[in-house]
Amino acid sequence: MKLAIASGKGGTGKTTVSVNLALAAGRPVLLADCDVEEPNDHLFFSGLDWQEQVVTWPLPVVDEALCDGCGACSAFCEYNAIVTFGTAPYVSPELCHGCGGCRLVCPKKAISETTRRIGVVETAERGDIMLVQGRADIGTTLTPPLIKAVKKRADNVALAILDAPPGTSCPVITTLENTDYVLLVTEPTPFGLNDLKLAVEAVRKLRLAHGVVINRSTTGDDRVLDYCRTNAIPVLAEIPDDRRIAEAYSRGEALIEALPEYRALFTAILERVGA
């Protein structure tokens, strides 16, 4: 099973839920941090011995001796990553999505491909948990290919927990694609409800089964609960606004290790998702 943990906004508690679900599983699990611009699941695991794999992506190279400036490549590219004004094209690595279309449509066969580094995939083990995370290189704007490289490690794994980036943009959709269940973490505030609605819209367009975890549930109001009831969205758990949780988090301690009485809450989430 591939279980994705997502939210419409940052700061709702995705990391808390992801890490503690992995710790509560009680069996081999892969925890994949797909927030490749700022991975932070590893902060709750000390003494990790990381293994690193470089991830590259194709980039077109123009042979100016063969190019006649016809503009076929520029006309094809939907992202304006390669442009020409009757001269040899200019390639923008920041805009290029590596589709290879410009190379295929070039009548002079003047375009070949090289590769550029976009980041690394790092792996480490801690007990039954295999931790995988992507780390984008500084200046890298194209993160979905790196997220796909992280997700590839989850293939043929009995249980994989994917910690998605916040929001509903392309990196999030890349993380959620082909998962079995999406757990949406929210908070009982107007901002939390607004962004939960955006996240629900996204997962429904992807036709993914989903449920909600309400973090800091003892603050705010009941509008999130009312929304979930009205839209037949199961609320799998409510995590109270417990000061001790915040204190453990600030020390880099996993919730169920600092406060074992919460283990049953996360175990129950996994049981309900599995059912």
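Visitor: How many residues does the largest nonpolar core have?
Guide: Welcome! This is a predicted model. In its largest nonpolar core, the residues with the most contacts inside are L21, F45, L183, F266 and I269. The core as a whole has 37 residues.

Visitor: Which element gives the largest share of this core?
Guide: Several elements give two or more residues to the core, among them strand 1 (2–6), helix 1 (14–24), strand 2 and helix 10 (263–274). The largest share is 6 residues, and the element behind that share is helix 1.

Visitor: What does F45 touch, leaving out residues up to four places away in sequence?
Guide: F45 is one of the residues with the most contacts inside the largest core. Not counting residues up to four places away, its contacts are V19, L23, L31, R126, I129 and L131.

Visitor: Is strand 7 largely enclosed or exposed?
Guide: Let's look at its residues, 129–136. Of these 8 residues, 6 are buried, so the rest of the structure leaves strand 7 largely enclosed.

Visitor: In which sense do strand 6 and strand 7 pair?
Guide: Strand 6 (residues 111–126) and strand 7 form a hairpin, with 2 residues between them. Over 8 bridges, the pairing sense is antiparallel.

Visitor: Is L104 buried or exposed?
Guide: L104 lies in helix 3 (residues 101–105). Together with F76 and V105, L104 forms a nonpolar patch on the surface. Exposed means over 50% relative accessible area. L104 has 61% relative accessibility, so L104 counts as exposed.

How values were computed. Residues numbered from 1 in each chain as written. Predicted model: local features only at pLDDT ≥ 70, side-chain atom pairs only at ≥ 80, totals over all residues. Heavy atoms only, no water. Buried < 20%, exposed > 50% of the residue type's maximum accessible area, 1.4 Å probe, protein only. Helix = DSSP H or I, 4+ residues; strand = E, 2+ residues; numbered from the N terminus. Pairing = 2+ DSSP bridges. Patch = residues over 30% accessible without salt bridge, like charges linked within 9 Å, V, L, I, M, F, W, Y side chains within 5 Å. Areas by Shrake-Rupley, 256 points an atom, 1.4 Å probe, with all protein chains shown as cover. Salt bridge = Lys/Arg side-chain N within 4 Å of Asp/Glu carboxyl O. Core = buried A, V, L, I, M, F, W, Y, C linked by side-chain atoms within 4.5 Å. Contact = heavy atoms within 4.5 Å.
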